[in-house]
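Open the model in your viewer and keep the selection tool at hand.

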Amino acid sequence: MSPCDIRIEGENYLPLPVYRHIASFLSMFKLLLIGVIIVGKDPFALFGMQAPGLWVWSQENKIYACMMVFFFSNMIENQCMSTGAFEITLNDVPVWSKLESGHLPSMQQLVQILENEMKMNVHMDTLPHHHS
């Protein structure tokens, strides 16, 4: 690869394992809850409790209740799985990290970073190599 070639790759940056487990649990719980709403068997009666108003409402509005459970759960799952990472490496050397800086680089910063790194790489390639 010549110094003028730029390779851009995107990949997922995995969240911490605890967040992945929470998202996985929510995904299973969501399916269970939707199943219980559709079946309509009052789970509170099994414990000798009176069904709360939210349960009564979900039975009167099954489609809407299932959609709300689905979308609300997906929103939380996506929040758990999102890291907000925007990491830039040039020739396998990290040159920017949103995780460390807390923000995205401006276009001007990005161009400056890449120019500086490329100049440094060209300079390093022109230095004489000494053998021991």
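Start by selecting Ile37 together with Trp55, Ser58, Gln59, Lys62, Ala65, Cys66 and Val69, which Ile37 touches when residues up to four places away in sequence are not counted. Contact here means heavy atoms within 4.5 Å. This is a predicted model, in which local features need pLDDT of at least 70 and side-chain atom pairs count only at pLDDT 80 or more, while totals for chains, interfaces and linings use all residues. Residues are numbered from 1 along each chain as its sequence is written, and side-chain values use heavy atoms, with hydrogens and water left out.

Colour residues 17-39 next: they form helix α1, and Ile37 is in this helix. Helices are DSSP runs of H or I with at least four residues, numbered from the N terminus. Is Ile37 buried or exposed? Ile37 has a relative accessible area of 3%, so it is buried (under 20% relative accessible area, with a 1.4 Å probe and protein chains only).

Select Ile34, Ile37, Trp55, Ala65, Cys66 and Val69, the six residues of the largest nonpolar core. Such a core is a set of buried Ala, Val, Leu, Ile, Met, Phe, Trp, Tyr and Cys residues joined through side-chain atoms within 4.5 Å. Helices α1 and α3 (62-81) each supply at least two residues of this core, and α3 gives the largest share, three residues. A second, separate core has five residues, including Ile88, Leu90, Trp96 and Ile113.

Show α1 and α3 as a pair. Their axes are 9 Å apart and the packing angle is about 175°; axes are lines fitted to C-alpha atoms, for helices over the stretch in contact, and angles run from 0 to 180 degrees between N-to-C directions. The two helices are therefore roughly antiparallel (angles over 145 degrees). Among the residues that make the contact are Tyr19, Leu26 and Ile38 of α1 and Phe70, Ile76 and Met81 of α3.

Last, select Glu77 and Lys30. Their side chains meet in a salt bridge, 3.2 Å from N to O (a side-chain nitrogen of Lys or Arg within 4 Å of a carboxyl oxygen of Asp or Glu). Glu77 lies in α3 and Lys30 in α1, so the pair ties together parts 47 residues apart in sequence. Both residues, Glu77 and Lys30, are buried. The structure holds one salt bridge.

Definitions and conventions. Buried < 20%, exposed > 50% of the residue type's maximum accessible area, 1.4 Å probe, protein only. Parallel < 35°, antiparallel > 145°, perpendicular 65-115°, else oblique.
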